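Here's a quick briefing on the pockets of this structure and the ligand that goes with them. Have a look at the model first, then read on.

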Amino acid sequence: MDTHISEELIEKLRRAKSVAALTGAGISAESGVPTFRGDEGLWKKFSPEELANFDAFMRNPDMVWEWYNYRRKIIEEVQPNPGHLALSKLEEMIPSFVVITQNVDNLHQRAGSKNVVELHGNILRNRCLSCGRIIESETLDFSEGVPRCPYCGGMLRPDVVWFGEMLPEEALQKAYRAAETCDVFMVLGTSAVVYPAASLPEIAFRQGAFIVEINPEVTPVTDFAHVSLRGKTGEILPKIIEAFSK
Ligand code: BJW
Ligand code: ZN
């Protein structure tokens, strides 16, 4: 596995005015949060495409809620790992730094990152299908099945983005702007197959940004990344900080 941190990479980061980091489930894997794809990522043999869509929710809301409750419980019990913490340190070292995350687990914020763009929502929030109000997770009541809105009695759903749904407009615009203007674009722990997030590394590459990938596996980004580090973000990102700080 290539885990060598080159002088070129550190030099690019030192000179960068603007850095964007796109993160996926892999960055939270070392905290103990399951990823989506691959054998270990599947929940009760369902793929994320089968669970994370509105039709599946309407067909079987109890099952989809069971999946989210299972995941929320894990997320509440785990801690940010050295990968999350390294990104919050990088934010302090680089003039403009943004984390663009596909994760809904809040771990970047808990690690201290301030400039976080959430592309796929947040599992700690819920939304009423009838009146659109946002309801925090602590107040949910599952005693009679699918939780209901305390204001209008409508069905509640997690405030996340499912397949076939639009991403939050402001978050998406911020992400595109960062990809279009950054000097270095980091792709961290994502299989980079879900759009439109998966288009961001390519947009950054086409405008001339230096592309750095960290992932134990090959992804579609590997083809055009300037540097592909084959390892875990929780191990490699702290080494980058160490080399950067010397
Ligand atoms: C480690 C590690 C360690 C492990 N260190 N690394 C063709 C072109 C363009 C678009 C489409 C298209 N066909 C279909 C579409 C649309 C669709 C799409 O992209 N489908 C693809 C599957 C093809 N996209 C959408 O529908 C999106 N909306 C949209 O496009 O709106 C416009 C539109 C509207 C109507 C019709 C058509 C278009 C919405 C996508 C929403 C995705 N939602 C989910 C669920 C979010 C809520 C939740 O969490 O429950 O988002 S699905 C799931 O996948 C989740 C993730 O954010 C997302 C990405 O997964 P991620 O993070 O990459 O995880 P994994 O598991 O795939 O990968 C983990 C990686 O980590 C692996 O590579 C490991 O090797 C690595 N790893 N340990 C570093 N320690
Ligand atoms: Zn309501």
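Helix H3 (48–51) and H5 each give at least two residues to the lining of the second largest pocket. Helices here are DSSP runs (H or I) of at least four residues, numbered from the N terminus. This is a predicted model, where local features need pLDDT of at least 70, side-chain atom pairs count only at pLDDT 80 or more, and totals for chains, interfaces and linings use all residues. Residues are numbered from 1 along each chain as its sequence is written, ligands are numbered from 1 in the order in which they are written, and side-chain values use heavy atoms, leaving out hydrogens and water.

**Second largest pocket**
- About 170 Å³ of space lies here.
- Its lining has 16 residues, with Pro 34, Thr 35, Gly 41, Trp 43 and Trp 67 closest to the centre.
- H5 provides the largest share of that lining, 4 residues.

**Largest pocket**
- Ligand 1 takes up the space of the largest pocket.
- That pocket has a volume of about 990 Å³.
- Among its 50 lining residues, Ala 25, Thr 35, Phe 36, Arg 37 and Ser 191 lie nearest the centre.

**Ligand 1**
- An oxygen atom of ligand 1 lies 2.5 Å from an N or O atom in the side chain of Tyr 68.
- For the side chain of Arg 37, the distance from a ligand 1 oxygen to an N or O atom is 2.7 Å.

Notes: Polar contact = N/O pair within 3.5 Å; in protein donor to acceptor, adjacent residues only side chain to side chain. 1 Å grid on protein atoms, 1.4 Å probe; cavity = no way out; pocket = protein on both sides within 12 Å on 5 of 7 lines; lining within 4 Å. Sits in = over half its atoms within 2 Å of the grid points. Points joined across faces, edges and corners; volume = space filled by probe spheres on them.
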